[in-house]
Structures are given as C-alpha cells and as structure tokens.
Amino acid sequence: MKKMIALLLAAAMLSGLAACGNSGADTAEEATESTASTEEAEAAEDTATETETSAASGEGIKVGWIVQDMANESQSYSCRIAEEQAAELGIDFTYYDQAGDAQKATDAISTCIAQGMDAIIINPADPQAVVPALMEAKEAGIVVGLFSSDLAEESQQYRDFFCGTNDTMAGEQAAEAIIAQFPDGCNVVEIGGQSGHDAQVKRSDGFEAGLEGSNITVLDSQNCDAWATEDAMAIMEDFIVKYGDQIDAVFCHWDNGATGVINALANAGREDVYIVAVDGCSAGYDQVKAGTQAVCISQSFSNMVAQSLECAIAAVNGDSYEEINWIPLDTVTAENVDSLPYPEW
C-alpha cells in the first residue's frame, strides 16, 4: 500500500514538472501537499492498526476470575496462570475465592456486577446454586464464561462459553486403560471426587459408559465430601476391609486422591493393585514414574486458562468465538511420562 502511494506521488510530481503552465513553486507546493496527504494516510493506518491490536490484546477489559477453592492445587495454579496471562494481555484482572462455598460464589458474582466487570469467568463449586446470580450478570450485559466445570444443560443459556476438559471422556479413557490391562476381566472399585460436582458426575458417567460390554466388575463406588486426599484414603481403607484381595484395580477421580489410595493399599500390604486417576498434576506424574499409579489421565490447565481469556476478549469485543472449548487429554503411562511436559502444579 505504501509503495503504491509512493509510486502515485512520484508520477504526480513528474507530471507536474512536465506541464508547461506550472511553475517550480507550484510543483513544490503540490509535492508538499501530496507528501502531507500520504503521511496523514499512513498515520491513520497506523492508528487503526494500534486500535485493532489493543482490542485484540484485551487492553482495558475488566475480568473477574472466580476460583472454586484456592486450597485446591489445580485451582490456585490456574488462578496464578490466569493472572500472569491477563497481565500480558493488558486485562484488568481481579480474582475471588469461593472457598468451596456457593454463597461466596454468589457474593463474588454480585461484586463483579457492582464493579462493572466486562466478563466473569467462574469454576463453580455448586453449578446449580450460582445460576440466579449468573442470570443477573447476563442481564447486566456481562460476558459469562465457565472454567473447568460447566452448568447443567438446562442452564447453559446463562453462560456465553465453556472451556475445560471433557470429563466424560476422562472417565471413558480410564475405563479403556483398565480394560486394556485386564482383557479377561477384573474387579474394580471407584472413588469419586466431590459428590455432585460437575467433574465427579461426568467422570463417573464416562467410566460407567466405558465399561459397558466389558468383563470388568465394579465391586463398589463411593464419592467424597470434598476433593480431599484424606477422604479418598478413608474410603479406600473401608473398601480394603470390605473386599480385601478381590480388588484388582481402582479408578480414583483425581491424582491427589490416588495418593490416599496408594497409602491405604501400602498400609494393607497391597502393592499389586492397578490404579488409574485423572488430573495430570505433579503428584500424578510422580506416582506414574514411581510405579505406584499405573495411569494418569492428564488435563492442561494452562491451555484451559489461555482459551478462557481468549474467548472472553472475543466475546467482549463482539468477535467470533467457540461456545464449547474442549481441551485435549493425555493418557500418561510409564512409557510416555518422561516425554510429556512436567506439570507445574
């Protein structure tokens, strides 16, 4: 574009010099005016480019990031990454800690509305409980994004986008790993995450669906009150008392829960049980490397954060974005654990 303008300018100058009726002063004046017009056009083009870049970068956009529970390693890590990425994008970022409390989540949403946030990104501890508050946020014109955990299908009209892993698929991949290890069948127990939580429900549903038609027998399944290692350990201890040597495999919904399972089995002198868990935290990778956990179904929270912020910027600016954003899962085993990026949480 700039080259074309320069060529036109040169042509105009040559034409002016060739015309007999034009004086040298007139020619110089025309050249000056043409140069000024070119500079103005270029300045306008640069300003437009800067404006587009600023908008794409998220400059001036206010985002409220509502953490499920800062005591949860994956959530505190995600919040830290979100804060870092938001700063790089020029986003005005504020985070709030639900501490696993639905009322605190509702209060945080109300605060975001009062403070005029452009977007809210939330991982709700209780998805159904926050729906009325999210309805108010939508009515106030705020972009609503769900991170890691989604709303129930009947309430998804109250959010603009969701970014997370397909927890149903995570359960299915866990089932596939156990079937591959025990093609002739085995006995398995399931230790679920926080009862009623979106991830717990979907991982359990996926696991059940994945086992259909196989020779795997589920001896028992129990959910925890929270995503707490000690809860998983206590449930595993009860399973050991109840089923003893019948247990061949365990599906635990999260890696830190698997730590409790491993400890319970070690205390009972059982080190031959095949353990599969979900998350992809450092504990899961370390346990796979040590051979105490057979498989880790790994999700990338850093990619989840990046996609969430990208969707928020696009939605606020009126640009196109995907409503559902699935972040791929890795099946981590002893064979590939050293070739995958080590998790930072």
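This is a predicted model: local features need pLDDT of at least 70, side-chain atom pairs count only at pLDDT 80 or more; totals for chains, interfaces and linings use all residues.
**Entry 1: the chain overall**

I listed the secondary structure and found that the protein chain has 11 helices and 12 strands. I then turned to the contacts with a separation of 6 or more, and of these, 73% come from residues 24 or more positions apart.

**Entry 2: the sheet that holds β9**

I followed the strand pairing and came to an open sheet of six strands, whose order is β7-β6-β8-β9-β10-β12 and whose pairing is mixed. At its edges stand β7 (217-224) and β12, and each has a single partner strand, so one side of each is left without a neighbour in the sheet. From one strand to the next, the twist averages 15°.

Next I checked individual pairs. Strand β8 (residues 249-252) runs parallel to β9 and is joined to it by four bridges, with Phe251 standing opposite Val276 in β9. On to β10 (residues 295-298): β9 pairs with this strand in the parallel sense, again over four bridges, and here Val278 stands opposite Ile297. β10 and β12, by contrast, run antiparallel and are joined by three bridges, and Ile297 stands opposite Thr331 in β12.

I also looked at what lies on this sheet. Helix α6 (residues 167-181) packs on it, touching β6 (187-194), β8, β9, β10 and β12, and the direction of α6 makes about 160° with that of β9. Helix α10 packs on the sheet as well, touching β10 and β12, with its direction at about 150° to that of β10.

**Entry 3: strand β9 itself**

Is strand β9 largely enclosed or left open by the rest of the structure? I went through residues 274-279 and found that six of the six are buried, so β9 is largely enclosed by the rest of the structure. In a regular strand the side chains alternate between the two faces of the sheet.

How do α9 and α10 pack, and at what angle? Their axes are 7 Å apart and the angle is about 45°, which means that α9 is oblique to α10. On the α9 side the contact is made by Asp255, Asn256, Ala258, Thr259 and Ile262, and on the α10 side by Ala283, Gly284 and Gln287. I recorded the crossing of α9 and α10 as left-handed.

Within α10, I found Ser282, Ala283, Gly284, Tyr285, Gln287 and Val288 to be buried, and the buried residues of this helix pack against α9, β10 and β12 (330-332). After α10 comes Gly291, whose phi is positive, near 85°.

**Entry 4: a further sheet**

I then looked at an open sheet of six strands in the order β2-β1-β3-β4-β5-β11, where the pairing is parallel. Its edge strands are β2 (92-97) and β11 (324-326), each of which pairs on one side only. Inside this sheet, strand β3 (residues 119-122) and strand β4 (residues 143-147) pair in the parallel sense over four bridges, and the bridge partner of Ile120 in β4 is Val144.

Helix α3 (residues 73-89) lies across β1 (62-67), β2 and β4, running at about 165° to β2. Helix α4 lies across β1, β2 and β3, running at about 175° to β1.

**Entry 5: Thr106 and helix α4**

Which residues does Thr106 contact, leaving aside its neighbours within four places in sequence? Thr106 is found in helix α4 (residues 102-114), and I found it in contact with Ala129 and Ala133. I also compared positions and saw that Thr106 and Pro124, 18 residues apart in sequence, are 9.5 Å apart in space, C-alpha to C-alpha.

Finally I checked α4 against helix α5 (residues 131-139): they pack at an angle of about 10°, with their axes 9 Å apart, and so α4 is roughly parallel to α5. Thr106 takes part in this contact together with Ile109 and Ile113 of α4, facing Ala133, Leu134, Glu136 and Ala137 of α5.

Notes. Residues are numbered from 1 along each chain as its sequence is written. Side-chain values use heavy atoms; hydrogens and water are left out. Buried means under 20% relative accessible area, exposed over 50%, partly exposed in between (1.4 Å probe, protein chains only). Helices (H or I, at least four residues) and strands (E, at least two) are DSSP runs, numbered from the N terminus. Two strands pair if DSSP finds at least two bridges between them. Contact means heavy atoms within 4.5 Å. Axes are lines fitted to C-alpha atoms, for helices over the stretch in contact, and angles run from 0 to 180 degrees between N-to-C directions. Angles under 35 degrees count as roughly parallel, over 145 as roughly antiparallel, 65 to 115 as roughly perpendicular and the rest as oblique. A crossing is left-handed if the near helix is turned anticlockwise from the far one by less than a right angle, and right-handed if clockwise.
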